[in-house]
Amino acid sequence: MEISILVLLLVFFSLLLLNVPISFCIGLATLATMLISIDFMPAVTTMAQRMAGGINSFALLAIPFFILSGLIMGRGGIAKRLIECAMALIGMLPGGLALVNVVSCMFFGAISGSAVAATSAIGSFMLPEMKKQGYDVNFSAAVTASAATTGMLIPPSNILIVYAIASGGVSIAALFVAGYLPGILLGVSLMLVCAGYAKLKGYPVGARLPLKLVLPKVAAALPSLFMIFLVIGGIIGGIFTATEAGAIAVIYSLVLAVGIYREVKVSELSGILMKSAETTAIVLALIATSSAMSWILSYEQIPQTISAAMLTISENPLLILLMINLILLIVGAFMDMTPAVLIFTPIFLPVAVELGMSPLHFGIMMVLNLSIGLVSPPVGSVLFVSCAIAKTRIEEIIRPMLPLYLAMFVVLMLVTYIPAISEFLPALLGL
């Protein structure tokens, strides 16, 4: 088994260093590991069967639907209306524009299910405005990047669907509901940091708008925000499944972007569909190869060995959970969320369950942890997008990111050690 682990890691990281696409790294490393103990033809056949079986899931159909609805929403003028709504409601508070940035990212991230999309859509509007109002450009970029990660927890979230598949059947509806409190808690913590930073730097405060000007701004954003209630309400109420909710989200986003807001032309839909197909193919390729890797990990009893090894280091669950978090923080800094969830769920979930942690609680902790990786160098895809929009460099943005990192880590620890933050709402709703 030691040889299997060595081959798996050696092939995977060697290919990764050669800049081979991550799905090929996973697939080839898995096949190389299989060939140690299985003959060539049975190994190739098993690999193909596990890959096909990994994506043969009705629940996975939700992913292309939510990807497509997110892309349509991203082009449909949603970001502008959400920003104007947030500006009218909280723009008069200390650090008003920074708070508007966070709230807008929370709303848009929840609607689109993508941190990169939220960073791009909200950042394109907010960063120039914050610069105009005297905000430091690096601080503005840091706020946008960190706030965009809230969309990974606030449903509908594609990564929570991926975790549901990787964990072997955790309820998608329960995961969606469980993400609300941690996602909102993360957003509030970032807002507190922004308010303190803005007060320290003396950034301007927006004017309080009269009610007759606030109401039209809120009304204009309501159709966009209604999608969240439509999708999640339907799932919780048992009206439709997560997959059917994804299809409804596509129809609703089309009606909104093409019919009501008229920000997307029919001629543009072919390009959106092509982009959606491309993104879906990448995600499904990762899921397929990771399913095969999960099988070889189980076949070689690697998760059980790691679990036993970690439990021999210490019997203190607080310490072991801290170790898991630190490992995932390092992993998240070098690997995208989807492969990280698919690879490390079967390794660490048994350890967490052994400690008495529910798969639901562990999933929220893991997604929150890896969300921090989205804004952590050297890979941090969201961080790079924010820097590109702000026209600044990674090394310039790290310093203003430090208090935001601290806030995110504090929330991670709270979510890790207080199960009720993740489990209260699902339990309340009988999920």
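**Figure 1. Second largest pocket of the predicted model**. The second largest pocket is lined by 27 residues, and Phe 12, Phe 13, Leu 16, Met 335 and Phe 344 lie nearest its centre. A pocket is an open set of points on a 1 Å grid over the protein atoms alone, where a 1.4 Å probe fits, with protein on both sides within 12 Å along at least five of seven lines; lining residues have an atom within 4 Å of a point. The volume is about 700 Å³, taken as the space filled by probe spheres set on the points, which are joined across faces, edges and corners. Helix 1 (2-17) gives the largest share of the lining, seven residues; helix 14, helix 15 (302-313), helix 16 (317-334) and helix 17 each supply at least two. Helices are DSSP runs (H or I, at least four residues) numbered from the N terminus. The lining divides into 25 nonpolar residues, one polar and one charged (nonpolar: Ala, Val, Leu, Ile, Met, Phe, Trp, Tyr, Cys and Pro; charged: Asp, Glu, Lys and Arg; polar: the others, Gly among them).

Residues are numbered from 1 along each chain as its sequence is written, and side-chain values use heavy atoms, without hydrogens and water. As the model is predicted, local features need pLDDT of at least 70 and side-chain atom pairs count only at pLDDT 80 or more, while totals for chains, interfaces and linings use all residues.

**Figure 2. Largest pocket**. Its volume is about 1,200 Å³. Of the 38 lining residues, Ser 114, Val 116, Thr 279, Val 283 and Asp 336 lie nearest the centre. Helix 14 (269-299) is one of the helices that each supply at least two residues, and the largest share, seven residues, comes from helix 14. The lining comprises 21 nonpolar, 13 polar and four charged residues.

**Figure 3. Nonpolar surface patch**. Leu 318, Leu 406, Val 410, Leu 414, Tyr 417 and Ile 418 make a patch of about 510 Å². Patch residues have over 30% relative accessible area and no salt bridge, with nonpolar side chains (Val, Leu, Ile, Met, Phe, Trp, Tyr) joined within 5 Å; a salt bridge is a side-chain nitrogen of Lys or Arg within 4 Å of a carboxyl oxygen of Asp or Glu. Helix 20 (residues 394-417) contributes the largest share, four residues. Ile 418 sits in the loop between helix 20 and helix 21 (420-428) and is partly exposed at 37% relative accessible area.

**Figure 4. Positive phi at Asn 19**. Asn 19, not a glycine, has a phi of about 65°. Asn 19 is in the loop between helix 1 and helix 2 (22-37) and is exposed, at 68% relative accessible area (buried is under 20%, exposed over 50%, partly exposed in between; 1.4 Å probe, protein chains only).

Note on methods. Patch = residues over 30% accessible without salt bridge, like charges linked within 9 Å, V, L, I, M, F, W, Y side chains within 5 Å. Areas by Shrake-Rupley, 256 points an atom, 1.4 Å probe, with all protein chains shown as cover.
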